[in-house]
Amino acid sequence: MNRRRRVLAALALVAVAALLREPLEARLATHVLAQMPLLVAAGVILAPCFDVLDGEWNRGGTAALVVAAGCLAVWMLPRSVDAALRDPVAELAKFASLPVLGGAPLALGVRRAPPLLRAFLAAQAVAMCGVLAFLYTHAPVRLCNGYTEEAQRELGIGFLALGLALAFAFVLPLFDAPDRPAAPSGPTGIDAGGAAGKSADDTCPVSTVCEIAGSASPPSVCAKSTGGSGRRGTPGCWSGRADSNRRPAAPKAAALPACATPRHRRR
Amino acid sequence: MRWAPIIATVVAATGVVAMLGWATDGFRAFTAEAARRLAVVERSPVVPSVRVETMDGTWITVPPVDGRATVVEFVYTGCPTICRVSGEALARLRARLVETGLAGRVLIVTLSFDPQTDTPESLADWGRRHGADGRVWTVARPRPADLPALLDAYGIVVIPDGAGGWVHNAALHVIDPSGRLRAILDVEDVRGAEAAVRDALG
């Protein structure tokens, strides 16, 4: 998408949020879980237009993510939601800040976040939805003067649904993910003293490994165990953590030993 | 060590904490109701004086300008839930003020935010049921035209409850003799209201 299209798409989302203001803000659940996400989405679409601002300061994405989290936190406050209903200035601030300080930095942050930080954010998002679901379904007081307790419970149910949806979205791909491979081409027995003497282009045939691992396991068991994931737990065999270099072994065949950190399985 | 992202993150976090602090009055008020009560304690805004028609059919000014403190609450007489609680609480407050001899220096007013439906007759009926005597404690309705500004000045938000009635942020509003709103308390907090009245009388 080019820049102009992005701006138009973002403006379209903001326009939808603005035009449907009345029906969306009539209920707390749609105010928080439909209108606000529309504005955040506008910012996410707009994010590449802020590329010029991205730089070394945003390495790892943390700085941008902190800004986004702060912006979202402000609009999660019950009094901010009330203020948006009653005060046109606050409403305007909502329409401006959720795209620019919420969605855009969210995208700029997630884009540069390392996998660990992304996973943390995913888990955190699910947990936060759970907390908010509990808060809004069980709060003994009305949190927003502009909405009834019934509306509050509805929002709680909404957060529960969102949390479950996010959890499924994060977990379902895991069922499809490749299984953690068992030492693709057989482990080198570094602590068995074998690796030190091997040449760099040794391709680690299973039989060799098992000879190295020799005393612990007979070659046949080991060959099976490395052949299929089902046998990974075979006691007494060498197991290797997945190689950090998973590329095909060419053109420099097996420049690295095939299995970076072999260890002996506990019996 | 890469300093740019660390400094940027610290700056962003500082900004976020400052922003959240600003948005919550220094992490003290997370709801509009808490903010309203805090603002009243800290700034004691002057409330507009309005003419209201009481349950006796007479017109008075609220808050009165005769040196009395005022306790104001808002109801609608068709209210089945919270207004009953507040009615009972006000009856207890009235009794306490009479006991402690403060009754002559305080006016308790229950104001209707539904003046079209709440006629003086229904106000009187509601007052009789809850023990309003018309002297220390009276029930009244503002002119419909004054209502929006009145609710706005007190910070009352009235919304439909979805079953033909209304929901509002019910509370006791304590006003000192100079017409400043000094404290907002939960409707059942009779003790707190009594203390606030003493405080407002100086």
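## Chain B overall

Helices, of at least four residues, and strands, of at least two, are DSSP runs numbered from the N terminus. In this predicted model, chain B contains six helices and nine strands. Of the 202 residues in chain B, 52% are buried, and the chain exposes about 9,400 Å², of which carbon and sulfur atoms supply 57%. Among contacts in chain B between residues at least 6 apart in sequence, 66% join residues that are at least 24 apart.

## Nonpolar cores

The largest nonpolar core has 31 residues, and those touching the most other members are B:Val71, B:Leu93, B:Ile108 and B:Val174. Elements of chain B that give two or more residues to this core include strand S3 (69-75), helix H3 (82-99), strand S4 (106-112) and helix H6 (190-201), with H6(B) giving the most, six residues.

Leaving aside residues up to four places away in sequence, B:Leu93 touches B:Val71, B:Ile108, B:Val190, B:Ala193 and B:Glu194. Another core, of 24 residues, lies apart from the largest one and has A:Val40, A:Phe95, A:Cys129 and A:Phe159 among its members.

## Helix packing between the chains

Helix H4 (residues 62-76) of chain A packs with helix H1 (residues 3-23) of chain B at an angle of about 10°, their axes being 8 Å apart. Angles under 35 degrees count as roughly parallel, so H4(A) is roughly parallel to H1(B). The contact of H4(A) with H1(B) comprises twelve nonpolar and three polar residues and no charged ones. Among the residues that meet there are A:Val66, A:Val67 and A:Gly70 in H4(A), and B:Ala12, B:Val16 and B:Leu20 in H1(B).

Methods:
Residues are numbered from 1 along each chain as its sequence is written. Chains are lettered from A and ligands numbered from 1 in the order in which they are written. This is a predicted model: local features need pLDDT of at least 70, side-chain atom pairs count only at pLDDT 80 or more; totals for chains, interfaces and linings use all residues. Side-chain values use heavy atoms; hydrogens and water are left out. Axes are lines fitted to C-alpha atoms, for helices over the stretch in contact, and angles run from 0 to 180 degrees between N-to-C directions. Angles under 35 degrees count as roughly parallel, over 145 as roughly antiparallel, 65 to 115 as roughly perpendicular and the rest as oblique. Contact means heavy atoms within 4.5 Å. Ala, Val, Leu, Ile, Met, Phe, Trp, Tyr, Cys and Pro count as nonpolar, Asp, Glu, Lys and Arg as charged, and the others, Gly among them, as polar. A nonpolar core is a set of buried Ala, Val, Leu, Ile, Met, Phe, Trp, Tyr and Cys residues joined through side-chain atoms within 4.5 Å. Buried means under 20% relative accessible area, exposed over 50%, partly exposed in between (1.4 Å probe, protein chains only). Accessible areas come from the Shrake-Rupley method with a 1.4 Å probe; for residues, only the protein chains shown count as cover.
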